[in-house]
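Me: Please take a close look at the ligand site in this model. I would like one connected account of what surrounds the ligand and what contacts it.

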Amino acid sequence: MRARGAAPVGGRGVDLMARASPLARPAVATRRAARVAVGAGGGGGGDRLGLEPPACGAREYCVGYGAMARSRRVVPRALDSSSMHAPPTDDVDWDNLGFSCEHVSKTMMFVATATLGADGQTWEWKEEGVGPYGALAMDPSAQCLNYGQSIFEGMKAQRTMEGNLVLFRPSENAKRMRDGAARMSMAPPPEDLFLRGVKATVAANAAFVPPNGKGALYCRPLLLGSGPILGLGPAPSYTFLVYCSPVGSYFKGGQLDPIRLKVEEVEHRAAPGGTGNTKCAGNYSPVLNVQLEAKQRGFNDVLYLDAVSNTYVEEVSSCNIFAVFGNKIVTPSLGTILPGVTRKSIMDLARSKGFEVEEAPLAIDDVLRADEVFTTGTAVVLSPVGYIERGEEGREYQNTEVAMSLYEALTGIQQQTMDDPFGWVVTV
Ligand code: COI
């Protein structure tokens, strides 16, 4: 169905692909190179899709969207999980992965577009398939550039000891993107399209999935109101894409180094009735001013308080938060915070280990008295907190025992080194 308030048919439904800016188009030779790479097939990472990731650097393969549409993008055929994936490429220093776009230019991405059907109600999705990662040519009046219809997901693919590539609870991300699309009046990508796009991206980039235990292939599904509109309203057309990058630990210092958080008491991340529970782009840049300042002072990130009473913790800019009090683990209730997939999984895991888990308002005063504090997120995984500062007051945390045991349990399931009693892991 059409998203609430979406533009009726007959709006200026300009086809972005047909209107790619010449500025974003690569030289003809480069586009030919991209076509060859897409159509080449053969071994390596793209074997299962008839694709081979381009071996050369970013710019050469930075094709504009229009050019990509004209090149023969490959629509993924059904994935056969019995065939082997490519091993990790030698092109990446797997021991020194950070959380960055360093290798993204060598990868492949999946693209699909949605336009309204003839009935003016139904979104029709067209899959462009997987092609080289590259720039999107976009009309300056694209909704997402002007009014911010832009939501995203974060997911990770891992390489197991047996050499399988696996995803963690991908249907949860598909659902959260659809929920976000409803909140933001955008065309919701159907679950099967979302999952096909993510799996095709992982399969096409198998060579960029780190060796077991050395990180993950971070996948970034993105939904953009890419169609043009001048007056305030939803876009007439949408682009769904999935790009990816091999990543290591999110915070500098290493995955399990306890992090330092600064409590922000003036600015707020979200308010009741707002979009704090939506993974929309607009939730992330407003936190940068305090985050950058905190980083300059040696903190890893900022901890936000509720906008009404400035009393209860909400979340960290990049992750959810938990506090441990003896056998009880408390995390802020949903409402203005992001409903993290890792947050939900950690609650289930903690209950299964016999902890009492509560979703409830969590006062900063109580957090500062807790036995242990940790944060969770897809990018972050699980990070113990070593220090929290509020105003003049600071609290060091020595204990990381609960955090460590939950980290082991979570990553054991995610990497298939432990049983998966919840059925969370999906093979690509
Ligand atoms: C994730 O954890 O996947 C996110 O999207 C958070 C982002 C700040 C990296």
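Reply: In this predicted model, the side chain of Lys279 places an N or O atom 2.8 Å from an oxygen atom of the ligand. The backbone contributes too. A polar backbone atom of Ala379 is 2.8 Å from a ligand oxygen. For Thr378, a backbone N or O atom lies 3.4 Å from an oxygen atom of the ligand. The protein buries 89% of the 280 Å² that the ligand exposes when taken alone.

Now the wider surroundings. Lys279, Thr378 and Ala379 belong to a shell that also includes Phe152, Gly154, Tyr218, Arg220, Tyr250 and Ser318. By class, this shell holds four nonpolar, three polar and two charged residues. Lys279 and Arg220 are the charged ones.

Two domains build the site. Domain 1 (25-247) and domain 2 (259-420) each supply at least three residues of the shell. As for location, the ligand sits in the largest pocket.

Notes:
Residues numbered from 1 in each chain as written. Predicted model: local features only at pLDDT ≥ 70, side-chain atom pairs only at ≥ 80, totals over all residues. Heavy atoms only, no water. Near = heavy atom within 4 Å. Polar contact = N/O pair within 3.5 Å; in protein donor to acceptor, adjacent residues only side chain to side chain. Areas by Shrake-Rupley, 256 points an atom, 1.4 Å probe, with all protein chains shown as cover. 1 Å grid on protein atoms, 1.4 Å probe; cavity = no way out; pocket = protein on both sides within 12 Å on 5 of 7 lines; lining within 4 Å. Sits in = over half its atoms within 2 Å of the grid points. Domains from an automatic or database assignment.
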